[in-house]
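Keep the viewer open as you read.

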Amino acid sequence: ASLLGRWSISQNSQGSFKGTTCVYEAEGVAWPCIIVRGDPWLFDNCQLRSAGAYSVMCARASSTTLRRCGIGGLGSGARKAINAVIVMDASWCLIQQCQIEETVYAHPGVRMIENSRGCLENCTVERNGYGVAVDNNAKVSVHGCVLRNNDHAAFYAGWSAASAEIIIKGCTVHGRVWHTHDRPGKLSECDNRYSVQSMTMLYTDTEDILPTEAEAFAEEQLETQEMKSQRLRRKIRLSRGNSFPDLRGMETSFIEGTERSQSVLTPDQGRSLSTKASISGFDASLAVRPARSHSNVEWMSESLRSQGGEP
């Protein structure tokens, strides 16, 4: 069934929508497509869509389950929703296996405020201003979700979120994780995966703050080019008088971007071997000249601006 317009579900009511499409295109005032005040209500395998309005609003002391639904806007531009789901007052909302998408640039897909409670399980949250936002005394858990292609960040803590709580477990986050330095009063993270590459490509300002769990991983992966160059230069710097019993089979690691490649140097007595390595976008020429005895080998590294050859 397809239902057009706004739907208000009153207190002291209960029921379910199954396989239903609800669409509301706002003209002027941004009323919600569906406002739930009753307890309990189930929406199963539905499309709940709005343009310029809220798709689902959970208010008062309502209890709502959204399962296997597509929730959000009708498309891009003016056909986006304000919020896909907003949970407020003292209401409860369980969102399972849903597609949360297409909210306007400055608004989240799921917004938890006031004294609301909620849980997202195995959902995809994409193409929103933010993925999930929490404020006031709201509490929400986000389990096994994928958050990607959101304009600002996957998560947002409001200005009054000192008493709010969010649990993030087993999620995959592409792009920026948190919008600002602000965090809810209670934050718990466990078994999450973060796409560092897209995080750095999309956002470069000083507020790129990762949650605690991601910091160690990002620190290891996001070395600057200069750090990589310095590390390789240390490995191949001049080291006169060092003793190497045998150079045959010695492996030297070169770092190119985030990939590691192995180059085996087996110098021949009485002649020099020149090889080039790519160090973070620069060409470095390494010349290895074996001495008369393998016990006295001279490693010589030309400057990064040289063209190669023996020094």
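Two strands are said to pair if DSSP finds at least two bridges between them. The strands themselves, like helices, are DSSP runs numbered from the N terminus: at least two residues of E for a strand, at least four of H or I for a helix. Before going further, please note that this is a predicted model, in which local features need pLDDT of at least 70 and side-chain atom pairs count only at pLDDT 80 or more, while totals for chains, interfaces and linings use all residues. Residues are numbered from 1 along each chain as its sequence is written, and side-chain values use heavy atoms, with hydrogens and water left out.

Seven strands form an open sheet with parallel pairing, in the order 2-5-8-11-14-17-20. At its edges are strand 2 (7-9) and strand 20 (153-157), each pairing on one side only. From one strand to the next, the twist averages 10°; here axes are lines fitted to C-alpha atoms, for helices over the stretch in contact, and angles run from 0 to 180 degrees between N-to-C directions.

Within this sheet, strand 8 (residues 56-58) pairs with strand 11 (residues 85-87) in the parallel sense, over three bridges. C58 has V87 of strand 11 as its bridge partner.

Further along, strand 17 (residues 130-134) runs parallel to strand 14 (residues 108-112), and four bridges join them. Strand 17 is also joined to strand 20 by four bridges, again in parallel. How covered is strand 17? Five of its five residues are buried, meaning under 20% relative accessible area, where exposed is over 50% and partly exposed lies in between (1.4 Å probe, protein chains only).

N150 is buried, at 9% relative accessibility. A polar atom of the N150 side chain lies 3.0 Å from the backbone nitrogen of N128.

Finally, the cysteines. A disulfide is a covalent bond between the sulfur atoms of two cysteines; the cut-off used here is a pair of cysteine sulfur atoms within 2.5 Å. How many disulfides does the structure hold? It holds zero. C145 is in none, and its nearest cysteine sulfur, that of C123, is 4.6 Å away. C145 is buried, with a relative accessible area of 1%, whereas C190 is partly exposed at 32%.

Technical notes:
Polar contact = N/O pair within 3.5 Å; in protein donor to acceptor, adjacent residues only side chain to side chain.
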